[in-house]
Amino acid sequence: MRLLVADDHPLFRLGLKAALEAEGLEVVAEAGTGEEALVQALEKAPDAVLLDLRMPGMDGLTCARRLREMGYRGLVILLTTHQEPALLLEAYKAGADAYLSKELSAPELKRRLLRIRQGEERLTAPDIPALTPREEEVLRLLAEGLSIKEIARALRLSPETVRSHLESLYAKLEARNRVEALSRARSLGFLP
């Protein structure tokens, strides 16, 4: 399997290349930026492009999207330390084939790459609840630390209506209280 490795950290890139080659995979190109990865992928036509999610300039998500727009047919694999469901959704929308942890061992990464190439493993859209615009407003104000009465005043609603929105929000976020709801909302990308 011919690979391109793109990561803005030279030591990580070098280590990943050495580990993959020790597993019998061929690294045909390296890149330190998304822009370089795009050019190298189109020139070298590797079987798979391994992209760091976070790179300065063009990040891995943007590079994945651009590769697909430009007709690249090989595998696009995002490597990251961030496992948030909202990022999984963005990776799926960008056309990535997989979203893998940088913490995988080289043998496990090789095994996963081969499974992905054979179609045995693919990135699927994560299950992210759909919030109504009003629930998003309530969530934002909840994150600002407002009480139910303050949220009601800010949105010109009754406290009972705010409670109703909160119950719906908690159910969708699978949360029992404000703290759990805010934590889950952040992990899903609804809040910064």
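Two strands are said to pair if DSSP finds at least two bridges between them. Helices (H or I, at least four residues) and strands (E, at least two) are DSSP runs, numbered from the N terminus. The model is predicted, so that local features need pLDDT of at least 70 and side-chain atom pairs count only at pLDDT 80 or more, whereas totals for chains, interfaces and linings use all residues. Residues are numbered from 1 along each chain as its sequence is written, and side-chain values use heavy atoms, with hydrogens and water left out.

**The sheet**

By this criterion, strand β3 (residues 48-52) and strand β4 (residues 75-80) pair in the parallel sense over five bridges. Within this pairing, Asp-52 has Leu-79 of β4 as its bridge partner. On to β5, β4 is joined by four bridges, and these two strands also run parallel; here Ile-77 stands opposite Ala-98 of β5.

These strands belong to an open sheet of five strands, in the order β2-β1-β3-β4-β5 and with parallel pairing. β2 (26-31) and β5 (98-101) stand at the edges with a single partner strand each, so one side of each is left without a neighbour in the sheet. Neighbouring strands of the sheet are turned by 25 degrees against each other on average, direction ignored; the axes are lines fitted to C-alpha atoms, for helices over the stretch in contact, and angles run from 0 to 180 degrees between N-to-C directions.

**The unit around α4**

β4, α4 and β5 make a right-handed β-α-β unit. A crossover is right-handed if, with the strands pointing away from the viewer, the path from the first strand over the helix to the second runs clockwise. In helix α4 (residues 85-94), the residues Pro-85, Ala-86, Leu-87, Ala-91 and Ala-94 are buried, where buried means under 20% relative accessible area, exposed over 50%, and partly exposed in between (1.4 Å probe, protein chains only). The buried residues of α4 pack against α3 (60-69), β4, β5 and α9 (178-188). Just after α4, Gly-95 takes a positive phi of about 95 degrees.

**Buried positions and their contacts**

Contact means heavy atoms within 4.5 Å, and the contacts given below do not count residues up to four places away in sequence. Thr-80, in strand β4, is buried at a relative accessible area of 1%. Thr-80 touches Leu-53, Tyr-99, Leu-100, Ser-101 and Lys-102. Leu-139 is found in helix α6 (residues 133-143) and counts as buried at 2% relative accessibility. The residues touched by Leu-139 are Leu-131, Leu-169, Leu-182, Ala-185, Phe-190 and Leu-191. Between Leu-139 and Glu-150 there are 11 residues of sequence separation and 13 Å in space, C-alpha to C-alpha.

Most residues other than glycine have a negative phi. Two residues that depart from this pattern are tabulated here.

**Aromatic rings**

Lys-102 lies over the face of Phe-12, at 4.5 Å from the ring centre. A charge sits over a ring if NZ of Lys or CZ of Arg is within 6 Å of the ring centre and within 35 degrees of the ring normal.
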